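Please look at the sequence and the structure below. The report then walks through a sheet, a strand, a helix and some aromatic rings.

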Amino acid sequence: MMKNYYLGVIILTFVACNKEPISVSSNQEDTMVNVGELREDSLETPMQDTLKDLPAKKVHVILKTNSSYTLWPIKDQDSLKKVFLKEYSGETLRNILALNRVDLNNLWRVDSLIVPNTIEPNFLSYSPFPQYSPMLKEVRKIAFFSYPIQAYALYENGNLVKWGPTSMGSKSHQTIRGLHFTNWKGKEIISTFNDEWKLKWNFNIENHQGIGWHQYSMPGYPASHSCLRLLEDDAKWMYNWGEQWVLNPGGNSIKAKGTPVIIYGDYPWGKRRPWKNLFENPHANDVSEEDLEKIVAPYLDSILKEQYNREVVLQDLQRKKDSIKRLNQELDTLP
């Protein structure tokens, strides 16, 4: 039975129809809505029909919880949603929404939210990716985008420096898997596919296909037109973190590529969203060190080759800049 699974319950009290809380009295009728016994797919039916007839009654909601997470069913439950937003705010709210692959503007789309019982100050604590990968110790920078868990991870010399949610290509417009390299970027560009789409903090990774990472709506599932959607704070951070390509004079050919980006895996289309599985298994989304090595291995030689070429090109450019600077200084000393 489902009840045997849960280790405990958290009871929240709120009043239907947005009324102020009223104290419990002996002649007041309490109504128990046991959310813990509702199946996730049943949440498509609004609870408003249940609550609208109880304008003066206190409603108790039992949330499903275990030792790691609590499941908040908020679809079509404005009162419970208000309790949630009152309970969580600021960076904590941002992190909870990130774990659910959604931004605040799209909260109305979500049927339920998984919420950690212990709120960690460092978002890296929730990372499904390994904190270190020995195979990547020689790779200066690399980005991973996972279709299976709709999340990205950034590494520097094998150390995880950042991770977060993404919304990748929809089922009909899937993002191209494999190895890519960052190239050009723009703080705000207009999509070539639809001129009404403004893409902020865009960093292109596939020039001919027009694919890049950028800020855009995060609805809690893969919904993009092949691009890699990010929360705005993440997109801005990654805009400064990634490296642009180096072009030959005239801009017609590539002299050095940018930061390597690996896009991998498949999303469970039509099935439960993977992060919801954390409720039954806190490690359900984990990418092990061995998993990451298998993903990297086919591309590692190419990554290191391009990295070496980039270092040589940048060193050569720096020598030329230094030479020009010395020449200018010498010219300034001439009578």
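## Strands β10 and β11

Strands β10 and β11 (residues 198-206) are joined by five bridges and run antiparallel. Within this pair, K185 stands opposite F203 in β11. Strands of a sheet pair through backbone hydrogen bonds, either parallel or antiparallel. Here, two strands pair if DSSP finds at least two bridges between them. Strands (E, at least two residues) and helices (H or I, at least four residues) are DSSP runs, numbered from the N terminus.

This is a predicted model: local features need pLDDT of at least 70, side-chain atom pairs count only at pLDDT 80 or more, and totals for chains, interfaces and linings use all residues. Residues are numbered from 1 along each chain as its sequence is written, and side-chain values use heavy atoms, with hydrogens and water left out.

## The four-stranded sheet

Four strands form an open sheet in the order β10-β11-β12-β13, with mixed pairing. Its edge strands are β10 (185-190) and β13 (228-230), and each pairs on one side only. On average, neighbouring strands are turned by 35° against each other, direction ignored.

Helix α5 (residues 232-241) packs on this sheet. Helix α5 touches β10, β11, β12 (211-215) and β13. Contact means heavy atoms within 4.5 Å. The direction of α5 makes about 45° with that of β11. Axes are lines fitted to C-alpha atoms, for helices over the stretch in contact, and angles run from 0 to 180 degrees between N-to-C directions.

## Strand β6

Is β6 enclosed or open? Five of its five residues are buried, so β6 is largely enclosed by the rest of the structure. Buried means under 20% relative accessible area, exposed over 50%, and partly exposed in between (1.4 Å probe, protein chains only). I142, F144 and S146 point one way from β6, while A143 and F145 point the other way.

Strand β6 has two partners to look at. Five bridges join β6 to β7, and these two run antiparallel. I142 stands opposite Y155 in β7. The hairpin of β6 and β7 has four residues between the strands, and Q150 there takes a positive phi near 50°. With β16, β6 pairs in the parallel sense over four bridges.

## Residue S146

S146 lies in strand β6. S146 is buried, with a relative accessible area of 1%. Its bridge partner in β16 is Y264. S146 touches F129, A151, M168 and Y264, not counting residues up to four places away in sequence. The side chain of S146 also reaches the backbone nitrogen of I149 at 3.3 Å.

## Helix α6

Which residues of helix α6 (residues 289-296) are buried? They are L292, I295 and V296. They cover an arc of only 95° around the axis, which puts them on the same side of α6. The arc is that of the directions from the helix axis to the C-beta atoms. These buried residues pack against β6 (142-146), β7 (151-156), β16 (260-264) and α7 (300-333).

## Aromatic rings

Rings of Phe, Tyr and Trp (its six-membered ring) pair if their centres lie within 6.5 Å; planes under 30 degrees apart count as stacked, over 60 as edge-to-face and the rest as tilted. By this rule the count comes to 14 aromatic pairs. F84 and Y88 form a tilted pair, 5.3 Å centre to centre with 50° between the planes. Both are buried.

F123 and W163 form a stacked pair, 4.7 Å centre to centre with 5° between the planes. W163 is buried at 3% relative accessibility, and F123 is buried at 11%.

Conventions: Polar contact = N/O pair within 3.5 Å; in protein donor to acceptor, adjacent residues only side chain to side chain.
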